[in-house]
Amino acid sequence: MKLSELTARLTAAGISDPAGEARILFRDLCGFSDWQLYGFDPEGPDGLLLRAAERRCAHEPLQYILGTVGFWRETYLVTPDCLIPRPDTELLVEQAVRLLPPGAHFADFCTGSGCIAISTLCTRKDTHADAFDISAGALAVADENARRCGVSDRISFCRADLLSGLPDQIWDAVLCNPPYIPASDIPSLSPEVRCEPHPALDGGEDGLLFYRTLIPAASRCLAPGGFLLFEIGWNQAAALRAMADEAGWSAQVFRDAGGRDRAVLLQP
């Protein structure tokens, strides 16, 4: 299959950047270098590219087809068992790296691929982490990512339903990118997002189920001076501030590169 043929297939399927994605597939799946893909029309193995084209034309996320995605300074294995790491979530890592005390032991709730905890550990080599998720498949991916990134000796993984109760442990901080999309909004999401695991998206009726559950219970998990750091939806800052006020916590909201509210720091 030629590059132009793959581009035409992706165009017909309504992919938003067909030429760019075709070049990525030729580069990452077939080993072509960038200079071979601009101003030329190379040909790659039909079987490999046809299978990739069929999956992408069905709007399966490109990251699942490639099997990896870049996040922070690392490259992560991703499968349909876990949410795809996104650049906006790097804001949690940025703040965690800045705020964690020396030698910190922190938790990562709803860890998914493990990207938040692992990238934090990679940058802050004095820290240790415990990571939790309800999905055994996601935890298997996260464990492999920890091994690949060389931090397996500083992180433990545990399967847990956090809505049923928090672990009986104490940490210097709890980081969390919980499901925060209102259940009624999920059918209107892009086909690509709807390919991601539903439990990692569904935040209940108003998208606030996890925050409403975790915030009141989290104070007993934190060491003195500890903090919670959540990712939030762009329109959820006011609700999080109200929850913090009710719990007697302070709240500081951080914006992502696009200027949208994206993370909230909560402290008793």
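**Aromatic pairs, nonpolar cores and salt bridges**

In this predicted model, F71 counts as buried, its relative accessibility being 0%. Y76 is likewise given a relative accessible area of 0% and is buried. Aromatic pairs number 7 in the structure, and F71 and Y76 make up one of them, in an edge-to-face arrangement with 6.0 Å from centre to centre and 70 degrees between the planes. Through ring pairs, F109, F132 and W171 are connected into a cluster.

In soluble globular proteins, nonpolar side chains tend to be buried together. The largest nonpolar core here holds 37 residues, of which F106, I118, I155, L175 and L229 touch the most other members. Helix α6 (residues 115–123) contributes the most to this core, supplying 6 residues. The surroundings of L229, one of the residues with the most contacts to other members of the largest core, can be set out in detail: when residues up to four places away in sequence are left aside, L229 touches L92, Q95, A96, V174, L175, C176, F254, V264 and L265. Among these neighbours is L175, which is itself listed with L229 among the core residues that touch the most other members.

Charged side chains form 15 salt bridges in the model. One of them pairs R56 with E21, the closest N and O atoms lying 2.6 Å apart. Because R56 is located in helix α3 (residues 46–57) and E21 in helix α2 (residues 18–30), this pair ties together parts of the chain that are 35 residues apart in sequence. Both partners, R56 and E21, are buried.

A further salt bridge connects R86 and E196, whose closest N and O atoms are separated by 2.4 Å. The two residues come from distant parts of the chain, 110 residues apart: R86 sits in the loop between β2 (74–77) and α5 (90–99), whereas E196 sits in the loop between α8 (191–194) and α9 (209–218). In this pair R86 is partly exposed, with a relative accessible area of 33%, while E196 is buried, with a value of 3%.

The side chains of R255 and D261 also meet in a salt bridge, at 3.3 Å from N to O. R255 is exposed, with 58% relative accessible area, whereas D261, at 18%, is buried, because the limit for that class is under 20%. Finally, salt bridges link D88, D256, R260 and R262 into a network.

Methods
Residues numbered from 1 in each chain as written. Predicted model: local features only at pLDDT ≥ 70, side-chain atom pairs only at ≥ 80, totals over all residues. Heavy atoms only, no water. Salt bridge = Lys/Arg side-chain N within 4 Å of Asp/Glu carboxyl O. Helix = DSSP H or I, 4+ residues; strand = E, 2+ residues; numbered from the N terminus. Buried < 20%, exposed > 50% of the residue type's maximum accessible area, 1.4 Å probe, protein only. Core = buried A, V, L, I, M, F, W, Y, C linked by side-chain atoms within 4.5 Å. Contact = heavy atoms within 4.5 Å. Phe/Tyr/Trp six-rings, centres within 6.5 Å; stacked < 30°, edge-to-face > 60°.
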